[in-house]
Amino acid sequence: MKNIGVIGCGAMGKGIVKNLIKNGYKVYAYDPSQDALAKCEALGAIPQPSPFEAATQADLVISSLPGPSIVKDVMMGGSGVFSALKPHSFVLDMSTVDPKTAQELNQAAKANAIHFYDCPLSGGPKGADAGTLTIMVGGDDKFLPDIRPVLESVGKDIFLLGPSGSGQVAKLCHNMLVALTTAGLGEVLAVGEKAGVSRSQLAEVIQSGSAHNRVLTVFGENILQHTYGNVLFSLEHMNKDIHLYKETAEFYSEDSPLGQLVCDIYEKAMEQGKGKLDSSAVCGSIL
């Protein structure tokens, strides 16, 4: 499999394209943004006019798209990826969607003799650019040896978690915990500051004690300096993910009191017009 179609060439897709080409793959890229497509062309990708055209050139398609509805439309529409690919080709969906959607896509792919895997990511644009992403994989382990070289071209830690949808379950749980931790940091840092302990000092204490966390390592500068315009992961995308988590919990009849609280906090930040800022901007919406 040396010909790969990449659908979605934004902040994550661009890094994926870069590392695929670096590892010897021929990449056929599509994005509705001509600017994003031009950046991938500059890296060596071959731009395509539609997802269908990108898929017709490929043995394997990687998608990195904003949410469930657009993934379903791109894959299952009348001129979608599933209808364009040759039988026994592969689709690795690196978008973040809900597990139910992933399972629906898997069934539709099977009907077209396509092997579908949900492969959501963690690591952000920096990880995508460096090729060090964490990849959470849901799907049939039978074909993992076929797709592993592609996954290893763009990621560092690859987890096969179970059947279709399992990757999305892990990603949504992961992002809910990130959102909860971020909101918690916003509260404790605000309280500490009002009580006379500087944010930077309190952050140093947190990172040296049992409350040490990676959220403060990754988003710390934004949280401490209020530089929310430095977007590592947008608040609107985090808001989408945590609501998908809440829907998933409800689907499996699990109460999620903390999930509901976090969703309410992020909704407040969205109502304040912070959707395009970094997700750490939620800290400014607390207290």
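1. The UniProt record, in an unreviewed entry, places the feature "domain: 6-phosphogluconate dehydrogenase NADP-binding" at residues 3-162; UniProt positions follow the numbering used here, feature names are shortened, and annotations may be inferred rather than shown by experiment. In this span the end C-alpha atoms lie 27 Å apart, and the content is 45% helix and 25% strand.

2. A word on the basis of these remarks. This is a predicted model, in which local features need pLDDT of at least 70 and side-chain atom pairs count only at pLDDT 80 or more, while totals for chains, interfaces and linings use all residues. Residues are numbered from 1 along each chain as its sequence is written, and side-chain values use heavy atoms, with hydrogens and water left out.

3. The protein chain holds 13 helices and nine strands, these being DSSP runs numbered from the N terminus (helices H or I, at least four residues; strands E, at least two). For 287 residues a compact globule would have a radius of gyration near 19 Å, and the 20 Å of the protein chain agrees with this; the radius is taken over C-alpha atoms, and the globule rule is 2.2 Å times the number of residues to the power 0.38. Along the principal axes, the C-alpha atoms fill a box of roughly 65 × 45 × 35 Å.

4. Helix α1 (residues 11-22) and helix α8 (residues 144-154) have axes that come within 8 Å and cross at roughly 115°, where axes are lines fitted to C-alpha atoms, for helices over the stretch in contact, and angles run from 0 to 180 degrees between N-to-C directions. The crossing is right-handed, a term for the near helix being turned clockwise from the far one by less than a right angle. Ile-16, Asn-19 and Leu-20 of α1 meet Val-150, Ser-153 and Val-154 of α8, contact meaning heavy atoms within 4.5 Å.

5. The axes of helix α9 (residues 166-194) and helix α11 (residues 214-225) come within 11 Å and cross at roughly 45°, which makes α9 oblique to α11; angles under 35 degrees count as roughly parallel, over 145 as roughly antiparallel, 65 to 115 as roughly perpendicular and the rest as oblique. The contact joins Val-178, Thr-181, Thr-182, Leu-185 and Leu-189 of α9 to Val-215, Leu-216, Ile-223 and Leu-224 of α11.

6. Helix α10 (residues 199-208) and α11 have axes that come within 11 Å and cross at roughly 170°, and they are therefore roughly antiparallel. Their contact is made by Arg-199, Ser-200, Ala-203, Ile-206 and Gln-207 of α10 with Leu-216, Thr-217, Ile-223 and Leu-224 of α11.
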